[in-house]
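Please look over the sequence and the structure shown below before reading on. The report that comes after them is meant to be read alongside both.

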Amino acid sequence: MLFRSYGVEGGAIYALSSALREAIEDQGSAELLIDLRPGLNLADLTKRLKEARKGETRANQLRKAAGLSPLAISLLREIGPLPESHESLAHLIKSYPLQLTGIQSLQKAISTAGGVKFADLDENLMIACLPGVFCCGEMLDWEAPTGGYLLQASLSSGRWAAEGVKKWLLNLK
């Protein structure tokens with residue numbers, strides 16, 4: 001997941017985009033729980049925090065003992081005072097609540113939701129109720145399943161649709 005000045009993005013967000021967008025539309029926000037230290041399980045993280053050197057600042061404990069990045073430390077500080085107990089702090093690090101309150105505008109979109117539903121297409125990407133009309137790429141309602149390889153997905157579905165057009169034209173003769 002990538003944190004940007006305007007919000008978050010990346011493969012995990014793309015995979016959850018439909019559910020997150022619906023929650024924001026229905027409830028005004030969506031809560032996403034993020035593991036700020038995915039390479040370490042809860043028990044080991046708690047142990048490291050307990051073993052941190054006495055007298056060290058909380059920021060140094062988070063950086064050295066927990067192995068958190070400056071961004072992760074800043075995120076933790078955004079929600080208010082940090083828990084005193086090592087267990088509570090470790091739990092917060094492993095399931096940081098990120099509130100999402102909106103989505104980027106269409107003008108800034110890399111990919112958009114919506115489009116022609118696969119249920120409305122035949123196996124050749126032709127619109128069932130519009131013979132001779134084929135869809136591919138961003139015309140399809142596919143919620144960015146490509147994890148950033150939209151051009152490849154567009155070209156591949158374009159070829160699939162082109163093969164469908166060829167079959168359809170051959171059947172007209």
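Predicted model: local features only at pLDDT ≥ 70, side-chain atom pairs only at ≥ 80, totals over all residues.

Residues are numbered from 1 along each chain as its sequence is written, and side-chain values use heavy atoms, with hydrogens and water left out.

**Packed helices**

Two packed helices are described by the angle between their axes and the distance between the axes. Here the helices are DSSP runs (H or I, at least four residues), as the strands are (E, at least two), and they are numbered from the N terminus. The axes are lines fitted to C-alpha atoms, for helices over the stretch in contact, and the angles run from 0 to 180 degrees between N-to-C directions.

| Helix pair | Angle | Axis distance |
|---|---|---|
| α2 (residues 42-50) and α5 (residues 86-94) | about 130° | 9 Å |
| α3 and α4 | about 135° | 10 Å |

On the α2 side the contact (heavy atoms within 4.5 Å) is made by L42, L45, T46, L49 and K50, and on the α5 side by H86, E87, L89, A90, H91, I93 and K94. These contact residues of α2 and α5 divide into six nonpolar, three polar and three charged, where Ala, Val, Leu, Ile, Met, Phe, Trp, Tyr, Cys and Pro count as nonpolar, Asp, Glu, Lys and Arg as charged, and the others, Gly among them, as polar.

Helices α3 and α4 are likewise oblique to each other, and their crossing is right-handed. Their contact involves R58, A59, L62 and R63 of α3 together with I73, L76 and R77 of α4, which divide into four nonpolar, no polar and three charged residues.

Within α5, the buried residues are L89, A90, L92, I93 and K94; buried means under 20% relative accessible area, exposed over 50%, and partly exposed in between (1.4 Å probe, protein chains only). Among the elements that cover these buried residues of α5 are β3 (30-34), α2, α3, α4 (70-78) and β4.

**The aromatic pair and its surroundings**

The structure holds one aromatic pair, and rings of Phe, Tyr and Trp (its six-membered ring) pair if their centres lie within 6.5 Å, with planes under 30 degrees apart counted as stacked, over 60 as edge-to-face and the rest as tilted. The rings of F134 and W168 have centres 6.4 Å apart and planes at 70°, so this pair is edge-to-face. Because F134 lies in the loop between β4 and α6 and W168 in helix α6, the pair ties together parts that are 34 residues apart in sequence. F134 is buried, at a relative accessible area of 14%, whereas W168 is partly exposed, at 27%.

Which residues does F134 touch, not counting residues up to four places away in sequence? They are N124, L125, M126, M139, A161, G164, V165 and W168.

**Two loop residues**

L125 lies in the loop between β4 (96-100) and α6 (150-172), is buried with a relative accessible area of 0%, and has a positive phi of about 70° although it is not a glycine. R53, found in the loop between α2 and α3 (58-65), is exposed with a relative accessible area of 58%.

Key: Parallel < 35°, antiparallel > 145°, perpendicular 65-115°, else oblique. Left-handed = near helix turned anticlockwise from the far one by under 90°.
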